[in-house]
Amino acid sequence: MDEVISIEVKNLVKKYGDFEAVKDISFDVKKGEIFAFLGPNGAGKTTTVKILTGLLKPSSGEVSVLGMNVSRDIDKIKSKIGFVPDQPYVYPYLTAFEYMRMIGDVYKVPVEKQQKMIPEMFEMFELDGRSSEIIDSFSHGMKQKLVISGVLLHAPEIMFLDEPLVGLDPRSAKLVKDIFAKLARNGTTIFMCTHVLDIAQKLSDRICIINGGKILALDTFENLQKRVDSQSDLESVYLDITEGVS
Amino acid sequence: MLYLFKISFLSLKNKISSLKFSEDLKAAFFIFIGINLVLIIYAASYSLLKYVNSVAVAGPLLVNKITSLFFLAAFMMTALSSVIVSFSSIYFGKDLKLLLSLPLKTGDIFSFKVLNAFFYASWMVLAGLMPFLIAFAVVKGAGIWFYVCSLVFAVPFLASASFTGTAFSVVIMKFFPKAKIRNIIFVTGAVFFTALIVVLRLTYSEKLISTEGFALLSQYLSYLDSPTAKFLPSWWYAGAIFGLAAENLGKVLFYFFMLSVGAAFMWAGLKFLAKKYFVDGLDEGQAFAPSRIKKENYGVSSAFSSLLKKDMKVFFRDSGQWSQVLIIASIVLVYLFSMYKLSFETIKMHNTMSLVNCALVWFVATAVALRLSFPLISLEGDSFWFLFTIPVKKFKIFTEKILFGSFSVCVVSIVLIAVTNYMMSISYPVFLITVSATVFVTALIACASVSIGAILPKFNYSSIPQIESSLGGLIFMLFSFFVIIVNILILMQPVRLFYAGSYSQILFVKYFIFIVLVNLCFLAVIFSIGYNAFKRIEK
């Protein structure tokens with residue numbers, strides 16, 4: 001694996017008033033790595049990923065993405081990253097096709113590439129019969145597939161995914177997993193917050209477990225396994241590490 | 001059902017006790033504004049009724065006619081509010097799934113929701129009705145019983161209106177697909193409201209102040225004495241109120257009986273409808289025909305124009321916005337009609353009215369901006385993740401919002417000022433300076449609406465009017481009024497000089513430049529504050 005660092009976080013802190021959502025965390029993610037970010041509800045996962053994508057400002061600490069400072073160079077970073085939020089809210093009165101075209105335009109994807117890729121995406125995610133319907137009529141899973149299609153259209157160097165598989169049917173979930181694995185092999189870095197431990201175990205190169213805003217563990221699955229019991233699956237490892245910590 | 005009311009009470013109590021200092025301040029501010037509004041309604045009603053009552057022969061009849069029209073408007077407003085409130089509370093309430101899963105009778109849940117809708121739809125109407133009734137009582141010299149009884153009688157009156165609105169929602173829910181209902185209701189509501197404004201303006205006000213349309217005085221008096229919508233509870237309430245003022249017990253009892261029976265009948269009808277249709281209306285499985293837009297093309301667009309196109313599509317496809325457009329269209333229509341009816345016979349009138357017209361057009365611009373451009377930032381709400389992760393600078397996104405918001409405000413205002421100036425035969429130099437000033441003033445108003453919308457956004461809302469009536473909306477209006485006053489004060493001098501016969505082209509140009517500079521300075525300041533707030537939004 002290439003040892004170029006894609007994401008570097010140093011002593012990151014995020015406060016909401018008196019409440020400290022993220023408490024002095026540091027880690028890095030290498031290029032082409034699938035990095036699973038795990039933790040219970042309210043652990044600080046979404047806050048962290050929002051800081052990494054420039055949606056939230058850090059209270060202190062340094063965050064760099066692709067060697068650029070997020071606070072300073074976010075406008076340059078944004079064209080090279082893609083984000084799939086935990087709630088796939090997209091403009092309800094646009095059609096799926098119009099949404100994809102807008103993504104193509106704002107990310108300056110060449111028209112020829114859009115003409116080729118948009119129908120391919122719709123077919124791959126089984127949205128081809130619904131592309132001219134307004135998004136308001138879509139289910140959660142369909143919206144999720146549309147947002148993922150939008151991110152894939154502009155082929156970012158880093159993909160930030162916050163619970164990307166929630167709401168997807170088993171076929172789509174399998175498809176998305178395969179796509180992520182293929183993208184990572186081709187050098188795309190994937191930062192994924194998830195509750196689906198099975199996916200984290202099978203897909204990720206390294207796993208970071210966060211709780212109460214603090215990193216409790218960060219290692220490969222095999223090394224985390226050794227900390228508990230060599231036969232344990234990720235669920236047992238996760239429960240063991242997070243037990244009694246808040 | 002009492003248990004459900006207890007939950008509502010506890011929720012309200014907890015909400016009040018958990019208010020932070022800033023929210024306390026906001027609540028105090030709104031209460032202050034509310035009290036002032038009530039006092040203004042009282043003062044205006046008292047002046048109007050006292051003046052009208054003193055008119056020889058027709059005075060007392062005119063007072064009664066105005067009162068019955070006021071009650072008719074209150075009835076329609078309560079019914080309309082109930083349509084909207086009952087729909088969002090009964091069929092789309094966030095607590096509905098929880099309530100239906102509890103071991104409670106469906107009928108009780110429905111009744112609880114109906115009474116809730118009655119409360120929320122009528123309290124504000126009652127708050128407006130009370131100062132009017134007090135003014136009426138003072139003018140008529142009514143005793144203490146008037147105050148007590150008019151309040152008691154208001155309950156069946158407003159209940160009838162509210163139950164009528166709720167019944168309308170229940171029937172609509174039965175026959176239309178649920179996914180389309182919200183849109184249908186909002187548009188129906190807006191049409192209802194628009195029709196109310198236009199009809200009241202175009203018919204009654206002209207008739208009430210003039211006897212020209214009547215061949216004989218007796219015909220005019222008989223028109224004034226005739227009931228206003230005599231089969232509606234608003235007329236029964238008016239009858240009871242007139243009976244109270246005249247201390248006519250028989251009349252009071254008769255109309256109170258009619259009101260009570262009417263409310264009971266509506267309640268029984270509503271329960272009947274609920275038994276037949278309520279559960280059907282809740283059915284998620286109703287056929288839903290999704291909207292299809294066939295056009296698919298691959299034209300090249302810049303990021304900026306792509307966002308602009310997105311905003312236009314979202315705006316025109318959202319029927320929540322259509323209702324706003326209908327309301328604006330009614331305001332414009334009523335304004336144009338009013339100006340058309342006015343006649344100016346003296347130079348002094350021309351002088352005054354050209355400035356008053358300017359101010360009124362700018363007020364219309366404020367109303368348009370409040371409805372169309374102020375909510376733009378708040379409406380992005382949950383989609384900020386998209387806006388702030390795309391590779392488009394925030395400055396560009398904010399500018400696009402201002403450009404999109406300004407278009408409708410400026411077009412409406414410029415057309416309005418030009419048409420009304422033409423109708424009033426305003427002289428060319430004054431015509432030119434007022435239209436030119438309008439371009440800059442309305443651009444500033446539109447920019448301020450988006451900027452203040454970014455400074456004080458309201459992301460938790462269930463309908464667009466909630467965004468408009470937020471603290472930000474209020475501050476925008478105050479700012480806008482300030483801008484209007486400043487600009488009118490500047491314009492006064494050249495217009496006055498023109499009508500005084502001291503017209504000088506150089507002077508007009510100087511004043512115009514002054515207006516441009518003042519507005520551009522304000523614009524730069526409010527844009528800068530708004531943009532900084534926009535950059536800081538964290539969602």
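In chain A, the strands β2-β1-β4-β5 line up in that order as an open, four-stranded sheet with antiparallel pairing; strands are DSSP runs of E of at least two residues, helices are runs of H or I of at least four, and both are numbered from the N terminus. Pairing here requires that DSSP finds at least two bridges between two strands. The model is predicted, so to speak of local features a pLDDT of at least 70 is needed, side-chain atom pairs count only at pLDDT 80 or more, and totals for chains, interfaces and linings use all residues. Residues are numbered from 1 along each chain as its sequence is written, while chains are lettered from A and ligands numbered from 1 in the order in which they are written.

The edges of this sheet are β2 (19–30) and β5 (68–69) of chain A, each with a single partner strand, so one side of each has no neighbour in the sheet. Two bridges link β4 (residues 60–65) of chain A to β5(A) in the antiparallel sense, and A:S64 has A:N69 in β5(A) as its bridge partner. Helix α1 (residues 45–52) of chain A packs on the sheet and touches β1 (5–16), β2 and β4 of chain A; contact means that C-beta atoms, placed from the backbone, lie within 7 Å. The direction of α1 makes about 120 degrees with that of β1(A), where angles run from 0 to 180 degrees between N-to-C directions and axes are lines fitted to C-alpha atoms, for helices over the stretch in contact.

Chain A also holds an open sheet of six strands, ordered β6-β7-β8-β3-β9-β10, with mixed pairing. Its neighbouring strands are turned by 15 degrees against each other on average, direction ignored. Strand β9 (residues 206–211) of chain A runs antiparallel to β10(A), joined by five bridges, and A:N211 is partnered with A:K214 of β10(A). Across β3 (34–38), β9 and β10 of chain A lies helix α9 (residues 234–242), at about 35 degrees to β9(A).

Turning to chain B, helices α17 (residues 428–455) and α19 (residues 471–499) pack at an angle of about 165 degrees, with axes 10 Å apart. These two helices, α17(B) and α19(B), are therefore roughly antiparallel, a label for angles over 145 degrees.

Between the chains, 30 residues of chain A are in contact with 29 residues of chain B. On the chain A side, α3(A) gives the most, with five residues.

Conventions:
Two residues are in contact if their C-beta atoms, placed from the backbone, lie within 7 Å. Angles under 35 degrees count as roughly parallel, over 145 as roughly antiparallel, 65 to 115 as roughly perpendicular and the rest as oblique.
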